[in-house]
Amino acid sequence: MRQAVAVREEVAINGAVFAVRRASRYSRSDQARIQRRTVVVLIASQAAGGFGLVATYIVSALLAKDITGSATLGTIAASCLSIGSASVAVPMTRLMNRYGRRSGLRFGYLVGAGGALSAVLGAILLNYPLLCVGVFGAGAGNAANLATRYAASDLSTEQRRASTISMIVWATTFGSTAGSAVSGFASEVGVAFGLPDKTGSYVFAGIMFLLAAAIIEVFLRPDPMHVASELSENGHDGASKEPALPAPSTREAISLIWQRPEARLAVLAMIVSQVTMVGVMALTPLHMDEGGQSQSVIGYMMAFHILGMYLFSPVVGRLTDRIGSYPMLFIAGGLCTWGAYWAAITPPAGALGVFMGNFLVGLGWCFGVVAASNLMVALYPIHQRVSVQGVGDFAMLASGAVAGLSSGALYSIFQYSGVNYANALFGLALILATFLTYTGVRRSVRRPHHQQPAVAVGG
């Protein structure tokens, strides 16, 4: 490994000495103009993709239960959405490294549209495995939605990076709200055209994923990652000139993250935010149903939870740019702890505790994901970012999938309160990890230069 890194560094040095650098086609004013266009395009694609994702999520468990008669199998089918998201994160990253952001995002949305079509066929044929395959594919749309926040950060200035990321997260509010509102209408339209009940939501989801792919393909030009790479190579981004270097492999990206305590904290923050959010949200409908609460009240709870995740993200981004990622991660851990604890002590017939608990863990998710994403972008040069970002998203989505799959079994053993006490402990763990990382980094910065630990850089 060390020999490979040494050879790569030697090649990079020789290339920097003997290469004839092509003049950049872009200037700083071009960067600002392209960035504004990129953000608008990604907001539009994010809104369309968010619509498709929520429309799929709402009906997956219900449709699977209709086919099999089993609530457990329904939960597994819904969890396939998270499993599909995690599975697509790494291949999508490889496409981005090779061809750019546009190719990776387009791939994710097209796979999502294909998954929605497979789910429709599974419903028509009453084929549960085919339905699960379709939901699995639809999860790729979620992976693409998450990746757009990093695409928006490629050309962002350091002073507005978190705000830019948060604007993309905020755009999901429109798609999620519309998907929730139209889900029932979509099912009725599907029935009117002779499709099984609830299948119309998948048709609408497929259309919206195709729309998101079309927006990316037609309007995300020039590719922000290509522009950022060229500006970096020619020193127009405010940094020193860098020779073009190959992107690290997945294994090298994991090593790059492991070598940096700040990167480890960022990944941990995304995992804790996702696990707490999924762990509380997935079990709350069961808890409320035991208390005899109506489906409409449960639906309002879900809407409140989604608002916590997305609605206030512009404020979160501005605060992150102003005070930094570390304070925001402290707040994220506190919100996750508070929300999970409040939900845990609320009886099944109670409403305030589960409403506020789910809202707070959703808000904690927003704080954690925005601040952690900002930290990940700041730590690595452009040629390494896509790979480390893909590994981070895979860890986040895979942990969420595990939380979703295990929620039913944990609920039967520990009940709603026991599972949420454990979720509250995850929030406390994030607070402790943030404190230890922050103090460790501060001590490292104060050391004399000759005492700094050596760090190998791959890629």
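Trainee: In which helix is L319 found?

Mentor: L319 belongs to helix 12, which covers residues 313-323. Please keep in mind throughout that this is a predicted model.

Trainee: Is L319 buried, partly exposed or exposed?

Mentor: L319 counts as partly exposed, because its relative accessibility is 34%, and the limits for that class are 20% and 50%.

Trainee: Which residues form the nonpolar patch on the surface that includes L319?

Mentor: The patch consists of L311, F312, V315, L319 and I323. Together these residues have about 390 Å² of accessible area.

Trainee: Let us turn to charged side chains. How should I read a salt bridge?

Mentor: Side chains of opposite charge can pair when their charged atoms come close. In this structure there are 8 salt bridges. One of them joins K198 to D66, with the closest N and O atoms 2.7 Å apart.

Trainee: Where do K198 and D66 lie, and how many residues apart are they?

Mentor: The pair links distant parts of the chain, at a separation of 132 residues. K198 sits in the loop between helix 6 (161-192) and helix 7 (200-219), whereas D66 is in helix 2 (residues 28-68). K198 counts as buried, because its relative accessibility is 16%, and the limit for that class is under 20%.

Trainee: What links E217 and R106?

Mentor: Their side chains meet in a salt bridge, with an N to O distance of 2.3 Å. This pair also links distant parts of the chain: E217 is in helix 7 and R106 in helix 4 (residues 101-124), 111 residues apart. E217 is partly exposed at 24% relative accessible area, and R106 is partly exposed at 26% relative accessibility.

Trainee: How should I read backbone geometry?

Mentor: Most residues other than glycine have a negative phi, and most peptide bonds are trans. Against that background, K198 has a positive phi, near 80 degrees. Q415 has a positive phi as well, near 65 degrees. Q415 is found in helix 15, and its relative accessibility of 39% is why Q415 counts as partly exposed.

Trainee: Which residues does a cis peptide bond join?

Mentor: R221 and P222 are joined by a cis peptide bond, with omega about -5 degrees. P222 is placed in the loop between helix 7 and helix 8 (224-234).

Trainee: How is empty space inside a model found?

Mentor: Rolling a probe the size of a water molecule over the atoms shows where empty space is left. Here the count is 1 cavity of 30 Å³ or more. The largest cavity has a volume of about 100 Å³.

Trainee: How many residues line the largest cavity, and which lie nearest its centre?

Mentor: The lining of the largest cavity has 13 residues, of which M92, T93, A147, G390 and D393 are nearest the centre. Helix 3 (71-99), helix 5 (128-153) and helix 15 (382-446) are the elements that give two or more residues to this lining. The largest share, 5 residues, comes from helix 15.

Trainee: How many disulfides does the structure hold?

Mentor: The structure holds 0 disulfides. C132, for example, is in no disulfide, and its nearest cysteine sulfur, that of C80, is 4.3 Å away; a disulfide would need the two sulfur atoms within 2.5 Å. C132 is buried, with a relative accessible area of 12%. C366 also counts as buried, at 0% relative accessibility.

Trainee: What separates the C-alpha atoms of V272 and L425?

Mentor: The C-alpha distance is 9.9 Å, for two residues 153 apart along the chain. V272 is in helix 10 (residues 261-290) and is buried, with a relative accessible area of 4%.

Methods
Residues are numbered from 1 along each chain as its sequence is written. This is a predicted model: local features need pLDDT of at least 70, side-chain atom pairs count only at pLDDT 80 or more; totals for chains, interfaces and linings use all residues. Side-chain values use heavy atoms; hydrogens and water are left out. Patches are made of residues with over 30% relative accessible area and no salt bridge: like charges are joined within 9 Å, nonpolar side chains (Val, Leu, Ile, Met, Phe, Trp, Tyr) within 5 Å. Accessible areas come from the Shrake-Rupley method with a 1.4 Å probe; for residues, only the protein chains shown count as cover. A salt bridge is a side-chain nitrogen of Lys or Arg within 4 Å of a carboxyl oxygen of Asp or Glu. Helices (H or I, at least four residues) and strands (E, at least two) are DSSP runs, numbered from the N terminus. Buried means under 20% relative accessible area, exposed over 50%, partly exposed in between (1.4 Å probe, protein chains only). On a 1 Å grid over the protein atoms alone, a cavity is a set of points where a 1.4 Å probe fits but cannot get out, and a pocket is an open set with protein on both sides within 12 Å along at least five of seven lines; lining residues have an atom within 4 Å of a point. Grid points are joined across faces, edges and corners, and a volume is the space filled by probe spheres set on the points.
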